[in-house]
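Hello,

I am passing a structure on to you, with a few notes on what turned up in it. Have a look at it first, and then read on.

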Amino acid sequence: MEEVVRRWWNGTWGRLARRDVWLVRQTRWKLIARAGDSETGKVLRWEFDTKQEALHMVDRLLRAETAGQWREQDPAAPPAAQQREQRPRQPGPASS
């Protein structure tokens with residue numbers, strides 16, 4: 001059974017600039033990083049024996065140059081719900 005322990009998103013929409021990082025625990029610690037959207041993005045995976053080693057790699061990934069600003073997300077909430085809450089709202093037409 002997998003457990004998402006922590007999750008980050010760089011806050012940028014779009015298949016080229018979006019970045020996601022998940023810290024997942026099984027028997028070993030598994031780290032998943034995606035560049036781009038869920039349909040066409042490139043996914044990289046690593047496995048570590050300790051949480052400390054996994055978090056060291058997370059730190060390296062979050063320090064890499066990328067668009068947007070990293071923000072940690074609730075690992076228990078579905079990704080779509082979090083994204084709807086964090087998506088910038090478009091201003092509506094002004095009332096006369």
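Here is something to start with: which residues lie nearest the centre of the largest pocket? Please keep in mind that this is a predicted model. The residues in question are R19, A33, R34, A35 and L61, and they belong to a lining of 14 residues. Two or more lining residues come from each of β2 (19–25), β3 (29–35) and β4 (42–48). Sorted by class, the lining holds eight nonpolar residues, five charged ones and one polar one. The space in this largest pocket comes to about 190 Å³.

Now to the sheet. Five strands form an open sheet with antiparallel pairing, and their order is β4-β3-β2-β1-β5. At the edges you will find β4 and β5 (71–73), each of which pairs on one side only. On average, neighbouring strands in this sheet are turned by 20 degrees against each other, if direction is ignored.

Strand β1, made of residues 3–9, pairs with β5 in the antiparallel sense, and three bridges join the two.

Best wishes

How values were computed. Residues numbered from 1 in each chain as written. Predicted model: local features only at pLDDT ≥ 70, side-chain atom pairs only at ≥ 80, totals over all residues. Heavy atoms only, no water. 1 Å grid on protein atoms, 1.4 Å probe; cavity = no way out; pocket = protein on both sides within 12 Å on 5 of 7 lines; lining within 4 Å. Points joined across faces, edges and corners; volume = space filled by probe spheres on them. Helix = DSSP H or I, 4+ residues; strand = E, 2+ residues; numbered from the N terminus. Nonpolar A, V, L, I, M, F, W, Y, C, P; charged D, E, K, R; others polar. Pairing = 2+ DSSP bridges. Axes fitted to C-alpha atoms, helices over the stretch in contact; angles between N-to-C directions.
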